[in-house]
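Here are some notes to read alongside the structure, in the order I would walk a colleague through it. Have the viewer open and click along as you go.

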Amino acid sequence: MPYQLDNQTADVRESLYFPEIFRAIGIVMRTFWRNAFFSRDANPDVLARDLSHSRVTTVTYPEEKVTYAPGYRGLHRLVPRADGNPRCVACYMCATACPAQCIYIEAGEVEGDPIEKWPTKFIIDELRCVVCGFCVEACPKDAIRMDTGEHPKPTYDRGGQIYDEKRLLRGPPVSYDYDPWLRRGSRLPQPAMKQMRDLARPFAREAKDEFSETPGFSARTLASEARARAEAGNK
Amino acid sequence: MKRFVGMWLVIGAVLLGLVLLFMGFYLLAGWAAGVAAWLGAPEFYGSAIANTVTLMAVLLMTVAALLTVAERKWSAAMQDRIGANRIKVFGMALGGVPYLLADALKMLTKEATYPAARSRLLFELAPVMAFAPTFALFAVVPVGPEVELSGRKVALLVANPDVGLLWIFALAGLSVYGTTLAGWASNSRAGLLGGVRAASQMISYEVSLGMSLVGVMLAYKTVNLQDMVIAQGAAVLGPVPALGILLQPLGFLVFFTSSFAETKRAPFDLPEGESEIVGYFVEYSGMKFGMMFLAEFVEVVILAGVVTAVFLGGWHPVFFESWLSNPANVPPLLYGGICAAAFLAKVILLCWLQLVIRWLLPRFRFDQIQALCWKMLLPGALINLFVTGAAVLLDPSLQLLAWIGAAEIVAIFGITAAASRAPATSAGAHDQGHAAHAAGH
């Protein structure tokens, strides 16, 4: 049964219309005054904006961009090693896991190395991608990530949405101390090798909110600030 | 802070620009009067033609067109948004003003589609019938005082007929035809419904519109708008001038509300009703729709103009007026410019107030509209009329009327203040009720 609303008849003050309207005019005028005469805080983190003067919460999109939440799955990237080659070993795990079948890989052998493979072609059709992140989960080498925080740029033709390895290979390089090219030796010159070793870190066994440590942005901080604001507002 | 200073600078610059603009209008009117005298015609013909061009074709249309932009930007500010700012001229949004050109271009170049079953003549005639009477209303609104320029008396006023307010009633009545014909001629159910709604709403509100102004006519003993504005400059309570809003606060409320309903804009926009029927102009496209659309904005400006002239002292700057009006301090041409700028400033303020009201009230239901008209505004106007009549009869110097008006204003403020405290107490009572309810269990 639908809930009942109290069918109260309007009292004299309410049925006079005008007093309530005058009151409302005051409210709208105050809002107008604040927004028209004071500049807006353009902080892309909308929750952290200073709303004491202007209360405008607009983010003028192409010029300003909201910082995405830490779990945001953006455009893919192929993670490079410190020497600029992709970490990918062309194992086809991501292409197999992909429910949209948008990943196409052609494997090639690394010259002079009996074991190593590398992708001569690594193509993702971003129009077919369903942004599920399974490829990232499936990758045994941490070679594909969706941590760019971007979305595919709009294009005028479909071909522009097909990203090959040249466009995908970007971002900060990642090294781990178990990386085979660090352990087995490599054809790289010694100084570069040393640099890669220095950058290497142990692979994290526990999942952690890596982005929460990014200076200036943290989902937890945002949430706690919003909670504090709400509590302050209630008092 | 930069924006705060900038906004005040813009406002100051606009006011200064208006003063200069109106001085130019005065000079043009004076020159045209001279040409008319040279041709052997009455001087008034020349200044009337010049004023038709400057005031009606330039000023009124510009303000009405700018109001379309202002509606976007002001509405945005009232709703915590930014508003239209994507069209940029050399990287500057210029407060959305370039949208004016974009709108005009769009209206003019859009394909005009016609319903096949329209009644052709009326369909073509309706936009004109909607636009022309509202446009012509402005002819009797006095924008500036009569100023002596090189021996010629020039006023910023297109026509000064003795009928004044009656002209306004007559033409406001005519503008019903445009909307109703538009609805009828387009031979569409939604359009017809909109037209019928417009007719019933506008005809109802015309009654209270007329009645609310009778009190003003009694108080100032004239229906000529220029005389009415001049009468408002006289001091009545000490230094306080006899503004219409002081003598007739109730009349002001009733007139403002009724004429608001006449403009067919929210919250009285039942004839349009975007969510149910698109309205009497649903079948119109291109510039024909543009005419209907513009007519509405012109109506807003004219309503503001009439309210200013009748209730807010018209072109009287109100403050420092005795000093300003002395030719020893301020040359007559500058005085005229300042007065006309004061008039337009009041008009803009009232347009803004209408936008505020547009955003703070949801659309009325049709029975609510009629109830507001017949059960509130009309009795209010009649009471106001009787009280005014009695007060003027007892005290022709208007002192008594001014005291009554002041008492009404105080009462309205008192009730409003009481209303603004009311929700807190009612919420408290509600909580207590809940507590008692819980205790009962």
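1. **A loop residue to start with.** Let's begin at B:Asp80, which sits in the loop between α2 and α3 (99–109) of chain B. Please keep in mind throughout that this is a predicted model. The backbone of B:Asp80 has a phi near 55°, a positive value in a residue that is not glycine.

2. B:Val318 is worth a look next, in the loop between α10 and α11 (321–324) of chain B. Its phi is also positive, about 70°, although B:Val318 is not a glycine. With 14 other C-beta atoms within 10 Å, B:Val318 is partly exposed.

3. **A cis peptide.** Where in chain B does B:Pro267 lie? It is found in the loop between α9 (249–262) and α10 (286–311). The peptide bond that joins B:Ala266 to B:Pro267 is cis, with omega about 5°. If you are checking backbone geometry, this bond can go on your list together with the phi of B:Asp80 and the phi of B:Val318.

4. For a sense of scale, the C-alpha atom of B:Met211 is separated by 24 Å from that of B:Arg365, 154 residues away along the chain.

5. **The nonpolar cores.** The largest nonpolar core has 128 residues, and those that touch the most other members are B:Leu156, B:Ala182, B:Val298, B:Val301, B:Val307, B:Ala340 and B:Cys351. Helix α10(B) brings the largest share of this core, 17 residues. Take B:Ala340 as an example: leaving out residues up to four places away in sequence, it touches B:Phe22, B:Val143, B:Gly144, B:Leu156 and B:Trp315. A second, separate core has 17 residues, among them A:Met93, A:Cys94, A:Ile105 and A:Ala143.

6. **Where the chains meet.** How many residues does each chain put into the contact? Chain A and chain B give 23 residues each. On the chain B side, at least two residues come from each of α1 (2–38), α2 (43–78), α12 (332–360), α13 (366–394) and α14 (399–440). The most come from α14(B), with six residues. By type, the chain B side divides into 17 nonpolar, two polar and four charged residues.

7. **Chain A in outline.** Chain A contains eight helices and five strands, and from the N terminus on they follow the order α-α-β-α-β-β-α-β-β-α-α-α-α. The chain is divided into domain 1 (11–67) and domain 2 (77–173), whose C-alpha centres lie 45 Å apart. Of the 235 residues in chain A, 15% are buried. Among its contacts with a separation of 6 or more, 62% are between residues 24 or more positions apart.

8. **A helix in chain A.** Helix α2 (residues 18–37) of chain A is 20 residues in length. Its first and last C-alpha atoms are 27 Å apart, close to the 28 Å expected. Which residues of α2(A) are buried? They are A:Pro19, A:Glu20, A:Phe32 and A:Asn35.

9. **A three-strand sheet.** Finally, look for the open sheet in chain A, with strand order β2-β3-β5 and antiparallel pairing. Strands β2 (103–109) and β5 (162–163) stand at the edges with a single partner strand each, so one side of each has no neighbour in the sheet. Strand β3 (residues 117–125) is joined to β5(A) by two bridges. To find the place on screen, look for A:Ile124, which stands opposite A:Tyr163 in β5(A).

Definitions and conventions. Residues numbered from 1 in each chain as written. Chains lettered and ligands numbered in written order. Predicted model: local features only at pLDDT ≥ 70, side-chain atom pairs only at ≥ 80, totals over all residues. Helix = DSSP H or I, 4+ residues; strand = E, 2+ residues; numbered from the N terminus. Expected span 1.5 Å × (residues − 1). Buried ≥ 20, exposed ≤ 12 C-beta atoms within 10 Å, placed from the backbone. Contact = placed C-beta atoms within 7 Å. Nonpolar A, V, L, I, M, F, W, Y, C, P; charged D, E, K, R; others polar. Pairing = 2+ DSSP bridges. Domains from an automatic or database assignment. Core = buried A, V, L, I, M, F, W, Y, C linked by C-beta atoms within 7 Å.
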